[in-house]
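Subject: Structure handover and notes

Hello,

Here is the structure for you to look over. My notes follow it.

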Amino acid sequence: MRILVASSNRGSNGASIFARRSLMLLHAAGYEVLLACEEDSWVGRDLPADLPVIRTNFHRWPFDESDRVAAWCRERGVSLVHSHLTRSCNFGALLRQRHGIKSIAHLHANHPQIHTGFHDLLIAVSEDVARRHRMVPWNWTAEVVTVPNFVDDEEFRPLASAEPDLLRSLLGVTADTPVLLSVGAICHRKGQDQAVRAFAQVREKHPDALLALVGAGELPAGLPMDGVRLLGYRRDIPRLIPTASMVIVPSRQEPFSLAAVEAMACEVPVVAFAVGGLAEVISGGAGIALPAGDCAAMAAAMSGLLSDEAARREQACSGRSIALARYGKEAHLAALVGHFRRVLAQ
């Protein structure tokens, strides 16, 4: 089988990060994969020389662009398109309807989308996402399965004793400074403003602690910024997470949360609001789950961990063991390939 992975985002949000990881996982395992992405797309950078790429803007109207991509697929024997993100999923649905190419859409968000009624299979990143899409009228006859995202435990792992502490080096602080870390594009949905408000209460008990925010974007005006540091967009996340005192995931809505799973794999405690698919990720002792939007509860949880090294260590070890058991790349690959084969056999 030859699989076309389609990703329409030019940047590196959670869905495009996963699309690239999935692409590289399939390629490394010896499966024949090809990529459709935009010019200068982050997903399409620094790929292996033997991984074919077609650059497309994913425009659907008129049909000439889908016809061009379909012809390219036929020449290379592509049997299925596996699409991520809205525009590429719309494009995958059109390739199926107009050219008969099997199509699987990977659902990274839980809001209704018209394209979901026109694929052979829908893959959701969490049970929450799957449940929400099953409620959409045009999906009532569609098959929706759940395949959680995976974490590469070779890339995201505890820091070796000889490795430098890049996080505190960037902040210019000593090795014993407590640093709480939040990773993700700064926006209302990710809820960094809630983390900042909760952290203001933490500083009353732990005045030497810092809250580091990694991600592009700006915080709302008027927040208590004492001890808060903005590190902006960075590509070295696997080197920053392992030395954090804990990772905070303050999202208002979250289909999954790669940041939480990556922290767990790095053996770093996770404190998070139990919303959407994130509630599944941190369930069963994987992280400290808090009521949505309860900044006082978040502040208490953060202060409690900072004050209790043994509890912090216990939470970190529990998170890593659960991350490896639930979100291993081998199990994810087997599930993904199994669904590919099943759709192709229909």
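In helix H10, the buried residues (under 20% relative accessible area; over 50% is exposed, in between is partly exposed; 1.4 Å probe, protein chains only) are Cys 295, Met 298, Ala 299, Ala 301, Met 302, Ser 303, Leu 305 and Leu 306. This is a predicted model: local features need pLDDT of at least 70, side-chain atom pairs count only at pLDDT 80 or more, and totals for chains, interfaces and linings use all residues. Residues are numbered from 1 along each chain as its sequence is written, and side-chain values use heavy atoms, without hydrogens or water. Helices (H or I, at least four residues) and strands (E, at least two) are DSSP runs, numbered from the N terminus.

The buried residues of H10 pack against H6, H11 and strands S8 (179–183), S11 (246–249), S12 and S13. Contact means heavy atoms within 4.5 Å. H10 has 13 residues, which should span 18 Å at 1.5 Å a residue; its end C-alpha atoms are 18 Å apart, so the two agree. The expected span is 1.5 Å times one less than the number of residues. At the start of H10, a side-chain oxygen of Asp 294 comes within 3.3 Å of the backbone nitrogen of Ala 296.

How do H6 and H10 pack? Their axes (lines fitted to C-alpha atoms over the stretch in contact; angles run from 0 to 180 degrees between N-to-C directions) are 8 Å apart, at an angle of about 45 degrees. H6 and H10 are therefore oblique to each other. Oblique is what remains after under 35 degrees (roughly parallel), over 145 (roughly antiparallel) and 65 to 115 (roughly perpendicular). Residues making the contact include Phe 199 and Val 202 of H6, and Met 298 and Met 302 of H10.

Next, H11. This helix (residues 309–326) has 18 residues and reaches 26 Å between its first and last C-alpha, close to the 26 Å expected. Gln 315, Ala 316, Gly 319, Arg 320, Ile 322 and Ala 323 are buried in H11. Their cover includes helix H8 (258–265) and strand S13 (288–290). Asp 308 caps the N-terminal end of H11, with a side-chain oxygen 3.2 Å from the backbone nitrogen of Ala 310.

Ala 274 sits in the loop between strand S12 (270–273) and helix H9 (276–281). Ala 274 is partly exposed, at 34% relative accessible area. Beyond four places in sequence, the contacts of His 84 include Phe 18, Cys 89, His 106 and His 108.

Best wishes

Note on methods. A polar contact is a pair of N or O atoms within 3.5 Å; within protein, one must be able to donate a hydrogen and the other to accept it, and residues adjacent in sequence count only if both atoms are side-chain atoms.
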